[in-house]
Amino acid sequence: MRIPDPEARPVDRRTVRRVVAAFRPYRRHVAVIALAIAVTSGLGIINPLMIQRIFDGALFCEGGCPDLGLLYFYVGIMVVVPIVSGVIGIGQTYLANLVGLRVMQDFRNALYSHLQRMPLRFFTNTRTGEIQSRLANDVGGVQAVVTDTAATILANLVIIISTLVAMLVLSWQLTVLSLFMLPVFLWLTYKVGKARQVVAASTQKTGRSFFAVVMIFFSIAPALVYLVAGWVIADGTGAISPGTIVAFTTLQSRLFFPIGQMLQVSVEVQTSMALFARVFEYLDLPVDIEDAPDAVTVSKDTVR
């Protein structure tokens with residue numbers, strides 16, 4: 001969990017619009033990045049579903065099992081999917097870094113050009129380190145918006161939605177159980193996150209307590225799934241196969257961490273917007289000396 005930037009401010013709509021405008025020249029690249037993130041995140045549900053097929057259709061089935069033909073096929077899919085996701089991920093990372101670097105370059109060029117028009121009084125009244133910080137550190141943080149914050153938000157959303165759909169397909173009863181436990185997990189994540197923000201000096205100790213609670217929660221969750229599955233089977237209201245149970249517990253662990261990360265999105269967004277606001281603050285500095293309306297443009301070739 002991240003401690004909020006002490007200089008972070010509430011997200012301003014005007015700043016958001018200007019940020020979006022900065023990425024507009026690269027909208028095709030951004031669209032490809034978003035598509036790649038959605039595809040790789042969605043592919044993550046295939047292997048848990050293949051686990052169900054392997055257990056119920058290839059390893060443990062009625063007559064003629066194990067079915068090696070089906071086993072080869074399902075295992076092949078489980079091998080190919082991570083390879084495809086990895087290849088797409090490489091391309092997505094390359095494009096994200098490329099766009100981030102180009103936007104950084106655009107901001108640095110704009111800042112440098114604007115500063116050239118500022119009067120000498122600005123440079124005598126402003127610390128050199130402050131100007132360098134705006135040009136280097138603040139603009140450098142722009143890249144994280146594409147390569148980290150925005151990508152994480154989109155990936156987590158796709159993971160959560162696709163995982164919930166897959167869980168509902170496998171068993172609505174077990175999905176209800178997981179959603180029933182979800183508020184407890186969210187409450188723990190939120191409370192510990194707030195504690196780490198307030199007690200910054202004790203973050204390491206607080207962190208140990210939090211991850212201990214998280215590990216206990218994840219250890220208990222599969223046991224509760226097995227218990228509900230037993231009730232459903234004993235009641236005779238539905239049939240839950242061994243493969244469904246194994247696949248479901250795999251999907252369950254895939255669901256909780258993205259939701260926990262999404263609780264920290266506001267911290268990430270506020271920090272990113274603070275960096276953009278500092279850049280725009282310099283770009284909006286008024287220029288004291290303006291050309292006269294009838295000023296003549298002098299060609300550089302005519303100047304000695």
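## Arg-117 and its partner

Arg-117 has a relative accessible area of 45% and is therefore partly exposed; the class lies between buried, under 20%, and exposed, over 50% (1.4 Å probe, protein chains only). Arg-117 forms a salt bridge with Glu-290, with the closest N and O atoms 3.1 Å apart. The term denotes a side-chain nitrogen of Lys or Arg within 4 Å of a carboxyl oxygen of Asp or Glu. Because Arg-117 lies in the loop between α4 (68-116) and α5 (120-125) and Glu-290 in the segment after α11, the pair ties together parts that are 173 residues apart in sequence. Helices here are DSSP runs (H or I, at least four residues), numbered from the N terminus.

The model is predicted, so local features need pLDDT of at least 70 and side-chain atom pairs count only at pLDDT 80 or more, whereas totals for chains, interfaces and linings use all residues. Residues are numbered from 1 along each chain as its sequence is written, and side-chain values use heavy atoms, with hydrogens and water left out.

## Other salt bridges

The structure holds 5 salt bridges. One of them joins Asp-284 to Arg-18 at 2.8 Å, N to O. Asp-284 lies in the segment after α11 (265-283) and Arg-18 in helix α1 (residues 13-23), so this bridge connects parts 266 residues apart in sequence. Asp-284 is partly exposed at 39% relative accessible area, and Arg-18 is partly exposed at 23%.

Glu-130 and Arg-134 also meet in a salt bridge, at 2.7 Å, N to O. These residues are 4 apart in helix α6 (residues 128-140), which means that about one helical turn separates them. Both Glu-130 and Arg-134 are buried. Salt bridges with shared partners join Glu-130, Arg-134 and Glu-281 into one network.

## Aromatic pairs

Rings of Phe, Tyr and Trp (its six-membered ring) pair if their centres lie within 6.5 Å; planes under 30 degrees apart count as stacked, over 60 as edge-to-face and the rest as tilted. By this rule there are 6 aromatic pairs. Phe-73 and Tyr-74 form a tilted pair, 5.7 Å centre to centre with 55° between the planes. Phe-73 is exposed at 51% relative accessibility, whereas Tyr-74 is buried at 11%. The rings of Phe-122 and Phe-123 are edge-to-face, because their planes stand at 80° with centres 5.1 Å apart. Phe-122 is buried at 12% relative accessibility, while Phe-123 is partly exposed at 36%.

Ring pairs also link Phe-107, Phe-276 and Phe-280 into a cluster. The charged end of Arg-18 sits over the ring of Phe-280, 4.2 Å from its centre; the criterion is NZ of Lys or CZ of Arg within 6 Å of the ring centre and within 35 degrees of the ring normal.

Conventions:
Helices (H or I, at least four residues) and strands (E, at least two) are DSSP runs, numbered from the N terminus.
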